[in-house]
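Visitor: I would like to learn how to read a few features from a model of this kind. Could we take them one at a time?

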Amino acid sequence: MKQRGRHRRRRRGRALRGALAGTALALTAAATLISASQATVADAPGALKPLSVSAGAGRLPLAEHRVPGRWLDRLASRMGRPVGVGTVLDSADRTLRNAGDCPAAEKRTLPVEPAATRAYCFGGADTRGWRPGAVTTSGDADDDGRWGGNRVILSGWTRGGAEGGSMDGPAPEQGLAKVAFVDANDPDRLRYTWALLAVPVDGGRDYRGLVSPLSGMVWYQDKLLVTTREGDRDALYVYDMDRIQRATVDAGAVGRVRGGWAAYGHRYVLPAVASYALPGGDDVPHPAAVSLDRSTSPDSLVASEWVPADGDRRTRLWRYALSRDPARSGLLATNSSGHADPVEAYESKTTDVRGVLSYRTGWYLDRAAGTPGGHGTLWRQDTDGARATECATDETRHCWSGRAGSLSYWEETGELWSQSGRMLFALPLASADRALGRSTDR
């Protein structure tokens, strides 16, 4: 997408941030107040430890593999001309409920401190049996916050599976991954529709569903990068937002069926255009959460692995540069051998990390709740130390969302977006920094 001047966007962004601050939703009361039984937390994780990216624990090269163009062209010739995001939004026929109309049990998963300024919930009919995962927005896709004139939110979901773990040997209908394309042009009425993620097979004559939990997702320029399951050599799959195909048969199958093409009952399907594979070895870390950082030059993708709360090792974090080559829009920067090497790596003592975000000098890590029905913790770490948000009610650190999810920063509006269960929510990153005891100048 054509890049535009930043000054106009920054003025508009400051105005929008001011409006949001003046119209914040009164959601704090809806969130569960933290009980004294939750007051015990792990010791502060301390400072991030820099790692060498050329050797040892910090080295994690990703090998890029492109789906042959003839495969994609063959699939398009049989399914019909691909469509873009605008066409998908035009057919959005489902509505996200505003926070006031969401069940109390769902709202209790929202952050306590800082409070969400916007919140919505998905209905149960089309998400029952699906697990929510990653979030990204058109604020990631283009620095003016729009894609083709539209404000868009993408919410990733996975069929079945246990939260926080791998999904070894899923049944054929389990593990499927789908994305809600949310039309966010009217903040009072968010509409959406679904697209299934797929992988071309048989030379582009068919496709299979992507069988993976969507724990991380980044939409950058015209590409959507998503995390894949533990045990898979592929760390990320890549989708082209201009290569969205229409399903022609409403059926519970995936791929070519009698009379046309099916996407597990959904209207659209995205065939993968590339993937990034991990190196071989028995103990290779697997990126579980990803997000975009526009404060670096070039823009970068950051990733964290998942280490269980009782794990005996530290969580590793990586940063990868994104390509500046117009012919490689939305892809990672690679060397002459087709490998994307991290440009930074760190270790953190924070475990059970479900979302990662880097902006300027800080890394934000959200840690899942330690107990069912509890709240998680939002940490901000750098090489000097760590701070967590604290609840004003009792000064505990269990103030973040109950079902911690991925993090996405919409730079143009200054908002941090995430998802907790069926609740999709946003709050100013500046308010998170204030709750962390650090002011920001945006």
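## Reading the features

Guide: The link of C102 and C121 is left-handed, with -105° about the S-S bond. Keep in mind that this is a predicted model.

Visitor: How do I read burial along a strand, and how many residues of β20 are buried?

Guide: A residue counts as buried when its relative accessible area is under 20%. In strand β20 (residues 315–321), seven of the seven residues are buried. Then look at the two faces separately. T315, L317, R319 and A321 are buried on one side of β20, and R316, W318 and Y320 are buried on the other.

Visitor: Which strand is joined to β20 by five bridges and ends at residue 305?

Guide: That is strand β19 (residues 300–305), which runs antiparallel to β20. Within this pairing, S304 stands opposite L317 of β20. Strand β22 (residues 344–348) also pairs with β20, in the antiparallel sense and over five bridges. Here R319 has E344 of β22 as its bridge partner.

Visitor: Next, salt bridges. How many does the structure hold?

Guide: There are 20 salt bridges in the structure. For each one, check the distance, the place in the chain and the burial. R316 and E305 form one, with the closest N and O atoms 2.7 Å apart. Because R316 lies in strand β20 and E305 in strand β19, the pair ties together parts that are 11 residues apart in sequence. R316 and E305 are both buried.

Visitor: What distance separates the closest N and O atoms of E347 and R314?

Guide: The closest N and O atoms of that salt bridge are 4.0 Å apart. The pair links distant parts of the chain, with E347 in strand β22 and R314 in the loop between β19 and β20, 33 residues apart.

Visitor: Why does E347 count as buried, and why does R314 count as partly exposed?

Guide: E347 counts as buried because its relative accessibility is 15%. R314 is at 33% relative accessibility, so this residue counts as partly exposed. For another case, take D299 and R294, whose salt bridge has its closest N and O atoms 3.2 Å apart. Both D299 and R294 are buried. Salt bridges can also be read as a group: E64, R66 and R328 are linked in a network of them.

Visitor: What does the C-alpha distance tell me about L278 and P61?

Guide: Compare it with the separation along the chain. L278 and P61 are 217 residues apart in sequence, and their C-alpha atoms are 6.8 Å apart in space. L278 lies in the loop between β17 and β18 (287–293), and its relative accessible area is 4%, so L278 is buried.

Note on methods: Residues numbered from 1 in each chain as written. Predicted model: local features only at pLDDT ≥ 70, side-chain atom pairs only at ≥ 80, totals over all residues. Heavy atoms only, no water. Disulfide = S-S within 2.5 Å. Helix = DSSP H or I, 4+ residues; strand = E, 2+ residues; numbered from the N terminus. Buried < 20%, exposed > 50% of the residue type's maximum accessible area, 1.4 Å probe, protein only. Pairing = 2+ DSSP bridges. Salt bridge = Lys/Arg side-chain N within 4 Å of Asp/Glu carboxyl O.
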